[in-house]
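Biologist: Please take a close look at a single part of this model and describe its surroundings step by step, in plain terms.

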Amino acid sequence: QVQLVESGGGLVQAGGSLRLSCSASGIIFGHNDMAWHRQAPGKQRELVAAITEYGSTVYLGAVKGRFTISRDSAKSTLYLQMNSLKPEDTGVYYCNSRTGLWNWGQGTQVTVSS
């Protein structure tokens, strides 16, 4: 059974930084593309960043240059370094495959105050 556990969220002022982590179990982590998604209040979940098993990355235009996705396959852990945060980055952040293949975890709340 796949289990995804996100952590690292919190309340931060605009311009601040956070580093999210996602611990994955039940999958061969090193052989899967992984991604971060987010859901803002009243909006649909959207893809924020993705990374292939080979380390290639893609980003939502609104976060490009500010967020960095990375992975540690030895630890089965996915990361999202978020810098220069903006209020519009507020939401619940989830990890999953790029297409949301597995059951969603509880997510981690990110709140950016202006």
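Modeller: The side chain of Arg66 makes a polar contact with the side chain of Asp89, at 2.8 Å. A polar contact is a pair of N or O atoms within 3.5 Å; within protein, one must be able to donate a hydrogen and the other to accept it, and residues adjacent in sequence count only if both atoms are side-chain atoms. This is a predicted model, in which local features need pLDDT of at least 70 and side-chain atom pairs count only at pLDDT 80 or more, while totals for chains, interfaces and linings use all residues. Residues are numbered from 1 along each chain as its sequence is written, and side-chain values use heavy atoms, with hydrogens and water left out.

Arg66 sits in the loop between strand S6 (57–59) and strand S7 (67–72); strands (E, at least two residues) are DSSP runs, numbered from the N terminus. With a relative accessible area of 11%, Arg66 is buried, a word that means under 20% relative accessible area (1.4 Å probe, protein chains only). Not counting residues up to four places away in sequence, Arg66 touches Gln81, Met82, Asn83, Ser84, Leu85, Lys86 and Asp89, where contact means heavy atoms within 4.5 Å.

One of these residues, Met82, stands in S8, opposite Leu18. Strand S8 (residues 77–82) is joined to strand S3 (residues 18–25) by six bridges, and the two run antiparallel. Two strands pair if DSSP finds at least two bridges between them. Four strands form an open, antiparallel sheet in the order S1-S3-S8-S7. Strand S1 (3–7) and S7 stand at the edges with a single partner strand each, so one side of each has no neighbour in the sheet.

Note on methods: Buried means under 20% relative accessible area, exposed over 50%, partly exposed in between (1.4 Å probe, protein chains only).
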